[in-house]
Amino acid sequence: MDKLKITGGRPLEGEVQVSGAKNAALPIMCAALLSAKPLALTNVPRLRDVSTMARLLAQMGVAVERSEHSTVLHAKAITDPTATYELVKTMRASVLVLGPLLARCGEAKVSLPGGCAIGARPVDQHVKGLQAMGATISIEHGYMQASARRLRGARIVMDLVTVTGTENLMMAAALAEGETLLENAAREPEVLDLARCLGAMGAKIEGAGSDVIRIQGVRSLGGAEHRVMPDRIETGTYLAAAAAAGGKIRLTGAAPKTLDATLDKLREAGSKIIVTESSIEIETARRPVAVSVRTAPYPAFATDMQAQFMALACVADGTALITETIFENRFMHAIELQRLGADIRLEGNTAVVRGVERLQGAGVMATDLRASAGLVIAALVAEGDTVVDRIYHLDRGYEGLEKKLGLLGARIERIA
Ligand code: EPZ
């Protein structure tokens, strides 16, 4: 059952609960490698990528206990500090084991992730930072062979803002000898959630969430309990769907403070938004107004929300400019949206989207996780049926998408 059939044209109404954040859960699961004590996690999303990470850690000797939305990871001993190509090629975030393995075991063999649909995505900043901490890293047969007797603190100025690069180096520095200063660090909320978890394990970290992070290395880390933060991209996706399809929905278990840029743009598009500590309500009574967005590192507008806002722009009143500054090939969904009758012109890293009155249902192909979310949003608005193929991309990052959209009144089903 690898397709979704969506019959569009109905506003969304109702309430759904947001899941835990994929992009926080993955690095936090890797943090378990840093300690011989158990790490108990709650609010862990049930996603394909989380299962892949659990399998990767288990291969290294980590005891993994999973139930519904809880996971206990116990890396009493790491028997094999290797991340194989077979697993890494299915999930780039596997590179997040490199820093913790080096810090805990003094060695690691991690497959290079290779490119992906949205860009080349090198890991040179991860390698550069670990080398600055005294690691020896060579590339052999597609693998990073890394070793270090004990990592030592260093001042690392990253050439560009990288989320998993910051996370990898922060985890490595937690057990390094002395102090590490990470400058031009990523400020994403997921980095902060990881730092909170590491702090609960006994790490000494200051400044997470800002672009300068200071880590005082310790000899060893303990166990901890940690609740994974809500998924701000999943939240933003449902909000964009409601802005495009119309109607009134409420998202509970959310973290509104991590969505400022997205909420500002939705207000600009004409939606009424009410937030509380942990919920967001959106009401859209009229056709959205075209809003332009430019992606950039947090707290600016997230690249992981770009495709969803392109779908919104397809039916908005006016012309929107969608500019992608993070990934060099993140407009694959534009071609598929044109199949639904969208008016999109690509000019370098900007898409010029002229809103149309109506989209028409058609067959489309998902190319990556967020592109598929954009196609689902367009299908909710399009007249008639749309069939989205290759939705395994969606399962990597959205827990129970069709169930949740069904709860909001959408006509959606998984088909073979
Ligand atoms: C994280 O990827 C997220 N993934 C991505 O979400 C997200 O799109 C991205 O950050 C940006 O916000 C996870 O957290 C698991 P980067 P990451 O390193 O860390 C270049 C989703 O849809 N770069 O911040 O891999 C890179 O090529 C996914 O959930 C280097 O050149 O992204 C890109 O152009 C997709 N050298 C830019 O930096 C490096 O060593 C930012 O990438 C590292 C990155």
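**Figure 1. Make-up of the shell around the ligand.** In this predicted model, the residues of the shell around the ligand fall into 9 nonpolar, 6 polar and 6 charged. There are 21 residues around the ligand, and those that come nearest are D124, T162, T164, D304 and I326. Four helices, α1 (22–31), α5 (124–132), α6 (163–174) and α12 (369–381), each contribute at least two residues to the shell. The largest share is that of α5, with 3 residues.

**Figure 2. Polar side chains at the ligand's oxygen atoms.** Here we look at D304, R370 and N23 in turn. An N or O atom in the side chain of D304 is 2.6 Å from an oxygen atom of the ligand. For R370, a polar side-chain atom lies 2.8 Å from a ligand oxygen atom. The side chain of N23 also takes part, with an N or O atom 3.1 Å from an oxygen atom of the ligand. On its own the ligand has 830 Å² of accessible area, and the protein covers 88% of it.

**Figure 3. The largest nonpolar core and its neighbour.** In soluble globular proteins, nonpolar side chains tend to be buried together. The largest nonpolar core in this model has 79 residues, of which V97, M170 and L198 touch the most other members. Helix α1 gives the largest share of this core, 7 residues. Take a moment with L198: leaving aside its neighbours within four places in sequence, L198 is in contact with A31, L34, M170, M171, A203 and I205. Another core, of 72 residues, lies apart from the largest one and includes V16, A311, C314 and V353.

Figure 4. Helix α10 is mostly covered, with 9 of its 9 residues buried. The buried residues are Q306, A307, Q308, F309, M310, A311, L312, A313 and C314. In the loop between β18 (293–294) and α10 sits P299. The peptide bond from Y298 to P299 is cis, with omega near 10 degrees.

**Figure 5. G318 in the loop between α10 and β19.** This loop joins α10 (306–314) to β19 (319–323) and holds G318. G318 counts as partly exposed because its relative accessibility is 32%. Setting aside neighbours within four places in sequence, the contacts of G318 are A290, V353, R354 and G355. For a sense of scale, G318 and L401 are 83 residues apart in sequence and 30 Å apart in space, C-alpha to C-alpha.

**Figure 6. S279 and its polar partners.** S279 belongs to strand β17 (residues 279–284). With a relative accessibility of 3%, S279 counts as buried. Its side chain makes polar contacts with the side chain of T276 at 2.7 Å and with the side chain of R250 at 3.5 Å. Apart from neighbours within four places in sequence, S279 is in contact with R250, L251, T252, P256 and I274.

Figure 7. Although E68 is not a glycine, it has a positive phi of about 25 degrees. E68 is found in the loop between β4 (63–67) and β5 (70–74), and is exposed, with a relative accessible area of 56%. R390, not a glycine either, has a positive phi of about 60 degrees. The loop between β23 (385–389) and α13 (392–395) is where to find R390, which is partly exposed at a relative accessible area of 38%.

Key
Residues numbered from 1 in each chain as written. Predicted model: local features only at pLDDT ≥ 70, side-chain atom pairs only at ≥ 80, totals over all residues. Heavy atoms only, no water. Near = heavy atom within 4 Å. Polar contact = N/O pair within 3.5 Å; in protein donor to acceptor, adjacent residues only side chain to side chain. Areas by Shrake-Rupley, 256 points an atom, 1.4 Å probe, with all protein chains shown as cover. Nonpolar A, V, L, I, M, F, W, Y, C, P; charged D, E, K, R; others polar. Buried < 20%, exposed > 50% of the residue type's maximum accessible area, 1.4 Å probe, protein only. Contact = heavy atoms within 4.5 Å. Core = buried A, V, L, I, M, F, W, Y, C linked by side-chain atoms within 4.5 Å.
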